[in-house]
Amino acid sequence: MAAYVCTRFCINTFKDSITFIQRRFRVKTKWAATRPKFPATELALHNFDTTYSMQLGHLWPSVRVAMLCEQKYGALINSFSSEPHVITDLEAQGCRDYISIDSPRNKVHQFSQDSTTSHRDLTVLEPAALQHSISPDIKCLVFPQGDTSRFKPARPDSSGILGYYLLDAASVLPVLALDVQPGHKVLDLCAAPGGKTLALLQAHSVDYIWANDLSVSRTARLRRTLQSYVPKELLDENKIHITSTDGRQLGLTKEKSFDRVLVDVPCTTDRHSVMVEENNLFKRSRTKERQKLPLLQTQLLLAGIQASRQGGHIVYSTCSLSQLQNECVVQQAISLAQEELGITVQVLDLRWFAQHFSDTFHFAPQLSVGELVLPHLCANFGPIYMCKLQRIN
């Protein structure tokens, strides 16, 4: 009898603890809507494992690890700010301006033998090849190799202008390679979010800059960036022109108008693709968009070539390791420029450039055209690809 009472008590207690849900209120979890079976970051990493392991060979494992680790940044000093002691404060924290540090002439020998700095196999260049001009007005401070310290947010001066802009320090290299000279007119064909445009403005020799981006929202972000870093009176002058239009059309409408053209094209943004789900090009819904990237990039580079004057320089850049988006686009654009537009373009050698900055960045082995900064645990910048071209006729 006691056992019967105990059993009834347990059953009644169990019933009381159950909350019954009517059938019409039951909801079945939709797996596809809540948790993607294949996250875009995993798809990107699988794609990179397949393609980059063949492209980079034994370098890929170390590049892979670096891209999955926290990215390193640099502080682009804003010369328009009157905030005192910006540089000295950063130097007191151990930072150094990687642009102003000159490389020794015998560095090429050390460079080719030090596998921790780079895997490039270069021949010694003539001394004159290392004497190209690099703008002394552009300053970008970084923490030493192996130092993963993070920068504090920049402080505004009395006018509200911020003292420095945080960005991947390697993304300043295409601007330096462009080599803007006094009086030059510059086109930044795909300018948003504005880091490279701001770097171009630090070279006070710029006479006029046209900053363009197709996306209206990204162009708005570009304007906000410039408003935070450039005095209002300078923005009101005719020195900076901002537009939101298809850059592929500017080749025709502004043909032979610019001394320097920066073509920093949309790409797979490799580091973002393996780290962030939001706005990831490897989402299955964006497959066609991703597959069309090399065509879009080629068209934009052709527009940049058309917009440059005879003797003008064009720098093409991406933040991808992909040969299809880098060397192949450059070679295709050069061929199409000759065949369809009658424009002769030559590639300018940037080996001296890579050697000059080898203490800060980890460069890929010599490519068919251009230079490529590889992510590396001791120097976790990039990836950044750049190739410099000159319009001959």
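The legends below accompany close-up views of a predicted model.

**View 1. Overall composition of the protein chain in the predicted model.** The protein chain contains 16 helices together with 12 strands, and 50% of its 393 residues count as buried. When contacts between residues at least 6 apart in sequence are considered, 78% of them join residues at least 24 apart.

**View 2. The largest nonpolar core.** This core has 62 residues, among which Y98, L173, L176 and F361 touch the most other members. Helix α7, spanning residues 173-178, gives the most to this core, contributing five residues. In soluble globular proteins, nonpolar side chains tend to be buried together.

**View 3. The surroundings of T360.** T360 lies in the loop that runs between helix α16 (351-356) and strand β11 (371-373). Because its relative accessibility is 4%, T360 counts as buried, the cut-off for that class being under 20%. Leaving aside residues up to four places away in sequence, T360 touches R96, Y98, V142, Q145, A379 and F381. One of these contacts, Y98, is also among the residues that touch the most other members of the largest nonpolar core.

Technical notes:
Residues are numbered from 1 along each chain as its sequence is written. This is a predicted model: local features need pLDDT of at least 70, side-chain atom pairs count only at pLDDT 80 or more; totals for chains, interfaces and linings use all residues. Side-chain values use heavy atoms; hydrogens and water are left out. Helices (H or I, at least four residues) and strands (E, at least two) are DSSP runs, numbered from the N terminus. Buried means under 20% relative accessible area, exposed over 50%, partly exposed in between (1.4 Å probe, protein chains only). Contact means heavy atoms within 4.5 Å. A nonpolar core is a set of buried Ala, Val, Leu, Ile, Met, Phe, Trp, Tyr and Cys residues joined through side-chain atoms within 4.5 Å.
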